[in-house]
Amino acid sequence: MIFRQLFEPLSSTFTYLLGCEETGQAVLIDPVIVSMDRDLAELSRLGLSLAYSVETHIHADHITAALELKKQVGSKIAGPAFDRLSCTDFGIEEGKSLQVGGIALQPLHTPGHTDGHFAYQCGDRVFTGDALLIEGCGRTDFQNGDMDALYKSVKEKLFSLPDDCLVYPAHDYNDRRVSSIAQEKKRNPRLGNHRTLQEFREIMASLKLPYPTFMDYAVPGNRQCGVCPDDLPENLQKYCRHMTDSPQG
(Lines give C-alpha, C1' and ligand atoms only; values in the text may rest on other atoms or scores of the structure.)
Protein backbone atom coordinates (compact mmCIF):
# COMPACT_ATOMS: atom_id res chain seq x y z
CA MET A 1 0.00 0.00 0.00
CA ILE A 2 1.17 3.51 -0.83
CA PHE A 3 0.73 5.71 2.22
CA ARG A 4 1.14 9.42 2.85
CA GLN A 5 0.31 11.47 5.92
CA LEU A 6 -0.38 15.08 4.91
CA PHE A 7 -0.78 18.02 7.29
CA GLU A 8 -2.92 21.16 7.02
CA PRO A 9 -1.58 23.73 9.52
CA LEU A 10 -4.55 26.11 9.86
CA SER A 11 -6.78 23.48 11.50
CA SER A 12 -3.91 21.11 12.39
CA THR A 13 -5.66 18.41 10.37
CA PHE A 14 -4.07 15.25 9.02
CA THR A 15 -5.27 13.97 5.66
CA TYR A 16 -4.32 10.40 4.82
CA LEU A 17 -3.64 9.18 1.30
CA LEU A 18 -3.86 5.42 0.79
CA GLY A 19 -3.08 4.03 -2.65
CA CYS A 20 -3.29 0.56 -4.18
CA GLU A 21 -0.12 -0.22 -6.12
CA GLU A 22 -1.84 -2.82 -8.31
CA THR A 23 -4.88 -0.85 -9.46
CA GLY A 24 -3.60 2.71 -9.07
CA GLN A 25 -6.73 3.65 -7.11
CA ALA A 26 -6.58 5.75 -3.96
CA VAL A 27 -8.61 7.13 -1.08
CA LEU A 28 -8.18 10.32 0.91
CA ILE A 29 -9.32 10.27 4.52
CA ASP A 30 -10.45 13.70 5.81
CA PRO A 31 -9.32 15.94 2.93
CA VAL A 32 -9.36 19.70 3.62
CA ILE A 33 -10.54 22.23 1.04
CA VAL A 34 -7.56 24.59 1.46
CA SER A 35 -5.15 21.73 0.76
CA MET A 36 -6.97 20.18 -2.19
CA ASP A 37 -4.45 21.29 -4.82
CA ARG A 38 -1.63 19.78 -2.76
CA ASP A 39 -3.50 16.49 -2.45
CA LEU A 40 -4.27 16.33 -6.18
CA ALA A 41 -0.63 17.10 -6.98
CA GLU A 42 0.51 14.28 -4.70
CA LEU A 43 -1.92 11.84 -6.29
CA SER A 44 -0.65 12.85 -9.73
CA ARG A 45 2.99 12.54 -8.67
CA LEU A 46 2.32 9.02 -7.42
CA GLY A 47 0.38 8.06 -10.55
CA LEU A 48 -2.83 7.43 -8.59
CA SER A 49 -6.47 8.16 -9.35
CA LEU A 50 -8.78 9.14 -6.51
CA ALA A 51 -11.64 6.69 -6.09
CA TYR A 52 -13.08 7.91 -2.77
CA SER A 53 -12.80 10.68 -0.24
CA VAL A 54 -13.69 9.30 3.20
CA GLU A 55 -14.89 11.29 6.21
CA THR A 56 -14.48 10.29 9.84
CA HIS A 57 -17.25 12.69 10.90
CA ILE A 58 -18.85 16.06 10.20
CA HIS A 59 -15.98 18.41 11.00
CA ALA A 60 -16.33 21.67 12.92
CA ASP A 61 -12.91 23.19 12.26
CA HIS A 62 -12.47 23.02 8.48
CA ILE A 63 -14.37 22.52 5.24
CA THR A 64 -13.93 19.13 3.64
CA ALA A 65 -12.70 18.94 0.06
CA ALA A 66 -14.99 16.00 -0.73
CA LEU A 67 -17.44 17.81 -3.00
CA GLU A 68 -14.81 19.79 -4.89
CA LEU A 69 -12.74 16.64 -5.42
CA LYS A 70 -15.82 14.94 -6.85
CA LYS A 71 -16.37 17.86 -9.21
CA GLN A 72 -12.76 17.94 -10.36
CA VAL A 73 -11.77 14.27 -10.63
CA GLY A 74 -15.02 12.31 -10.31
CA SER A 75 -14.20 10.68 -6.97
CA LYS A 76 -17.04 9.33 -4.85
CA ILE A 77 -17.84 10.57 -1.36
CA ALA A 78 -17.96 8.11 1.55
CA GLY A 79 -19.27 9.25 4.91
CA PRO A 80 -21.05 7.81 7.94
CA ALA A 81 -24.51 6.55 7.00
CA PHE A 82 -25.56 7.64 10.49
CA ASP A 83 -25.45 11.30 9.40
CA ARG A 84 -27.87 10.73 6.48
CA LEU A 85 -26.20 13.22 4.16
CA SER A 86 -27.78 13.22 0.72
CA CYS A 87 -24.46 14.22 -0.88
CA THR A 88 -22.64 10.99 0.02
CA ASP A 89 -22.28 8.16 -2.50
CA PHE A 90 -21.39 5.44 0.01
CA GLY A 91 -22.81 5.25 3.52
CA ILE A 92 -20.26 3.98 5.99
CA GLU A 93 -21.55 1.35 8.42
CA GLU A 94 -19.77 -0.83 10.95
CA GLY A 95 -19.24 -4.31 9.55
CA LYS A 96 -19.41 -3.02 5.96
CA SER A 97 -15.91 -2.82 4.50
CA LEU A 98 -14.96 -0.11 2.00
CA GLN A 99 -12.80 -1.82 -0.61
CA VAL A 100 -10.69 0.15 -3.08
CA GLY A 101 -8.38 -2.12 -5.03
CA GLY A 102 -6.30 -3.92 -2.43
CA ILE A 103 -7.18 -1.42 0.30
CA ALA A 104 -9.87 -2.44 2.77
CA LEU A 105 -11.11 0.03 5.36
CA GLN A 106 -12.95 -1.58 8.27
CA PRO A 107 -15.28 1.02 9.83
CA LEU A 108 -15.65 1.26 13.61
CA HIS A 109 -18.52 3.38 14.89
CA THR A 110 -16.91 5.42 17.65
CA PRO A 111 -19.44 8.02 18.86
CA GLY A 112 -18.70 10.54 21.55
CA HIS A 113 -16.94 13.43 19.81
CA THR A 114 -19.92 13.45 17.46
CA ASP A 115 -22.73 10.90 17.42
CA GLY A 116 -21.90 9.79 13.89
CA HIS A 117 -18.13 9.49 14.31
CA PHE A 118 -16.23 6.60 12.69
CA ALA A 119 -12.67 5.30 12.91
CA TYR A 120 -11.18 3.12 10.16
CA GLN A 121 -8.91 0.15 10.67
CA CYS A 122 -6.69 -0.77 7.76
CA GLY A 123 -4.22 -3.59 8.31
CA ASP A 124 -1.73 -2.64 11.01
CA ARG A 125 -3.10 0.86 11.56
CA VAL A 126 -6.25 2.68 12.60
CA PHE A 127 -7.36 6.14 11.60
CA THR A 128 -9.04 7.39 14.73
CA GLY A 129 -10.42 10.77 13.64
CA ASP A 130 -11.14 12.90 16.71
CA ALA A 131 -12.15 10.00 18.95
CA LEU A 132 -8.60 9.19 20.02
CA LEU A 133 -5.77 11.67 19.64
CA ILE A 134 -2.14 11.28 20.64
CA GLU A 135 -2.27 11.56 24.43
CA GLY A 136 -5.72 13.13 24.17
CA CYS A 137 -9.18 12.87 22.65
CA GLY A 138 -11.72 15.06 20.91
CA ARG A 139 -14.01 17.35 22.88
CA THR A 140 -17.55 16.27 23.66
CA ASP A 141 -19.40 19.55 24.23
CA PHE A 142 -21.09 20.07 20.84
CA GLN A 143 -22.57 18.16 17.83
CA ASN A 144 -24.35 15.70 20.12
CA GLY A 145 -21.09 14.91 21.86
CA ASP A 146 -21.28 12.52 24.79
CA MET A 147 -18.39 11.89 27.16
CA ASP A 148 -19.78 8.54 28.32
CA ALA A 149 -20.13 7.39 24.71
CA LEU A 150 -16.59 8.49 23.88
CA TYR A 151 -15.19 6.65 26.89
CA LYS A 152 -16.97 3.49 25.76
CA SER A 153 -15.85 3.92 22.13
CA VAL A 154 -12.20 4.19 23.07
CA LYS A 155 -12.11 1.64 25.87
CA GLU A 156 -14.24 -1.04 24.21
CA LYS A 157 -13.45 -0.61 20.52
CA LEU A 158 -10.16 1.18 19.96
CA PHE A 159 -8.33 -0.18 23.00
CA SER A 160 -9.43 -3.69 22.02
CA LEU A 161 -7.29 -3.49 18.88
CA PRO A 162 -3.82 -5.13 18.97
CA ASP A 163 -1.30 -3.24 21.10
CA ASP A 164 1.04 -2.75 18.13
CA CYS A 165 -1.72 -1.25 15.96
CA LEU A 166 -0.57 2.20 14.84
CA VAL A 167 -2.79 5.15 15.76
CA TYR A 168 -3.13 7.90 13.17
CA PRO A 169 -5.38 10.72 14.49
CA ALA A 170 -7.21 13.47 12.59
CA HIS A 171 -5.31 16.20 14.45
CA ASP A 172 -2.26 16.94 16.48
CA TYR A 173 -1.26 20.30 17.89
CA ASN A 174 2.23 19.38 19.13
CA ASP A 175 4.12 18.17 16.04
CA ARG A 176 3.42 14.49 16.70
CA ARG A 177 2.35 12.18 13.91
CA VAL A 178 1.72 8.64 15.11
CA SER A 179 1.15 6.63 18.26
CA SER A 180 0.10 3.06 19.02
CA ILE A 181 -2.71 1.42 20.95
CA ALA A 182 -0.23 0.24 23.58
CA GLN A 183 1.17 3.74 24.04
CA GLU A 184 -2.28 5.32 24.36
CA LYS A 185 -3.39 2.68 26.87
CA LYS A 186 -0.38 3.56 28.99
CA ARG A 187 0.19 7.28 28.44
CA ASN A 188 -3.08 8.91 27.40
CA PRO A 189 -3.83 11.24 30.36
CA ARG A 190 -7.58 11.24 29.72
CA LEU A 191 -8.29 7.64 28.82
CA GLY A 192 -5.20 5.56 29.49
CA ASN A 193 -3.64 4.04 32.58
CA HIS A 194 -6.95 2.52 33.75
CA ARG A 195 -8.83 5.83 34.00
CA THR A 196 -12.33 5.28 35.32
CA LEU A 197 -15.43 6.72 33.67
CA GLN A 198 -15.91 9.09 36.59
CA GLU A 199 -12.34 10.36 36.29
CA PHE A 200 -12.85 10.87 32.56
CA ARG A 201 -16.08 12.81 33.16
CA GLU A 202 -14.29 15.10 35.60
CA ILE A 203 -11.41 15.71 33.18
CA MET A 204 -13.71 16.53 30.26
CA ALA A 205 -15.99 18.74 32.37
CA SER A 206 -13.02 20.80 33.54
CA LEU A 207 -11.58 21.59 30.07
CA LYS A 208 -13.54 24.83 29.53
CA LEU A 209 -12.53 25.03 25.87
CA PRO A 210 -13.40 28.12 23.78
CA TYR A 211 -16.20 28.00 21.21
CA PRO A 212 -14.73 26.75 17.91
CA THR A 213 -13.88 29.70 15.66
CA PHE A 214 -15.22 28.25 12.42
CA MET A 215 -17.89 25.84 13.63
CA ASP A 216 -20.98 27.87 12.68
CA TYR A 217 -19.83 27.80 9.06
CA ALA A 218 -18.01 24.47 8.93
CA VAL A 219 -20.81 22.23 10.21
CA PRO A 220 -23.52 23.38 7.75
CA GLY A 221 -20.95 23.46 4.96
CA ASN A 222 -19.82 19.92 5.71
CA ARG A 223 -23.39 18.68 5.90
CA GLN A 224 -23.32 19.51 2.18
CA CYS A 225 -20.01 17.59 1.78
CA GLY A 226 -17.95 20.76 1.52
CA VAL A 227 -19.68 24.04 0.67
CA CYS A 228 -18.33 27.38 1.84
CA PRO A 229 -20.99 29.96 2.69
CA ASP A 230 -21.40 33.13 0.67
CA ASP A 231 -21.51 35.23 3.84
CA LEU A 232 -18.15 34.12 5.22
CA PRO A 233 -16.56 37.00 7.19
CA GLU A 234 -13.31 38.33 5.81
CA ASN A 235 -11.32 37.15 8.81
CA LEU A 236 -12.45 33.56 8.18
CA GLN A 237 -11.96 33.43 4.42
CA LYS A 238 -8.59 31.76 4.93
CA TYR A 239 -10.56 28.60 5.79
CA CYS A 240 -11.90 28.53 2.23
CA ARG A 241 -8.96 30.06 0.40
CA HIS A 242 -8.99 27.45 -2.35
CA MET A 243 -12.59 28.24 -3.24
CA THR A 244 -12.40 32.01 -2.85
CA ASP A 245 -9.33 32.09 -5.11
CA SER A 246 -10.98 29.89 -7.71
CA PRO A 247 -12.15 31.46 -11.01
CA GLN A 248 -15.51 29.77 -10.37
CA GLY A 249 -15.75 31.52 -6.99
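Modeller: Contact means that heavy atoms lie within 4.5 Å. The model is a predicted one, in which local features need pLDDT of at least 70 and side-chain atom pairs count only at pLDDT 80 or more, whereas totals for chains, interfaces and linings use all residues. Residues are numbered from 1 along each chain as its sequence is written, and side-chain values use heavy atoms, with hydrogens and water left out.

Colleague: Which residues is Ser12 in contact with, leaving aside its neighbours within four places in sequence?

Modeller: Ser12 is placed in the loop between β1 (2-8) and β2 (13-19), strands being DSSP runs of E with at least two residues and helices runs of H or I with at least four, numbered from the N terminus. Its relative accessibility is 12%, so Ser12 counts as buried; buried means under 20% relative accessible area, exposed over 50%, and partly exposed in between (1.4 Å probe, protein chains only). With neighbours within four places set aside, the contacts of Ser12 are Phe7, Ala170, His171, Asp172 and Tyr173.

Colleague: What is the radius of gyration of the protein chain?

Modeller: The chain has a secondary structure of 7 helices and 12 strands. The globule rule gives 18 Å for 249 residues, and the radius of gyration is close to this, so the chain is as compact as a globular protein of that length. The radius is taken over C-alpha atoms, and the rule is 2.2 Å times the number of residues to the power 0.38. The value for this chain is 17 Å.

Colleague: What percentage of the contacts with a separation of 6 or more comes from residues 24 or more positions apart?

Modeller: Of the 249 residues in the chain, 54% are buried. Among contacts with a separation of 6 or more, the share of residues 24 or more positions apart is 62%.

Colleague: How far apart are the mean positions of the positive and negative charges?

Modeller: Lys and Arg count as positive and Asp and Glu as negative, with His and the chain ends not counted. Each charge is placed at NZ of Lys, CZ of Arg, CG of Asp or CD of Glu. For the 25 positive and 34 negative charges of the chain, the mean positions are separated by 3 Å.

Colleague: Which strands stand at the edges of the open sheet?

Modeller: The sheet is built from 6 strands in the order β7-β8-β9-β10-β11-β12, with mixed pairing; two strands pair if DSSP finds at least two bridges between them. Two of the strands have a single partner each, so one side of each is left without a neighbour in the sheet: β7 (98-100) and β12 (179-180).

Colleague: Which residue is the bridge partner of Gln121 in β10?

Modeller: Strand β9 (residues 118-122) has 4 of its 5 residues buried, and pairs with β10 in the antiparallel sense over 3 bridges. These two strands form a hairpin with 2 residues between them, and Gly123 in the turn has a positive phi of about 65°. In β10, Gln121 is partnered by Val126.

Colleague: How far apart in space are Ile58 and Asp83, C-alpha to C-alpha?

Modeller: Ile58 is in the loop between β4 (49-54) and α2 (66-73), and is buried at a relative accessible area of 7%. Beyond four places in sequence, its contacts include Asp83, Leu85 and Thr114. Ile58 and Asp83 are 25 residues apart in sequence, and their C-alpha separation is 8.2 Å.

Colleague: What is the relative accessible area of Lys208?

Modeller: Most residues other than glycine have a negative phi. Lys208 is not a glycine, yet has a positive phi of about 50°. Lys208 lies in the loop between α5 (197-205) and α6 (215-222), and is exposed, with a relative accessible area of 72%.

Colleague: What is the relative accessible area of Glu135?

Modeller: Glu135, also not a glycine, has a positive phi of about 55°. Glu135 is found in the loop between β10 and α3 (147-158). Glu135 is partly exposed, at a relative accessible area of 25%.
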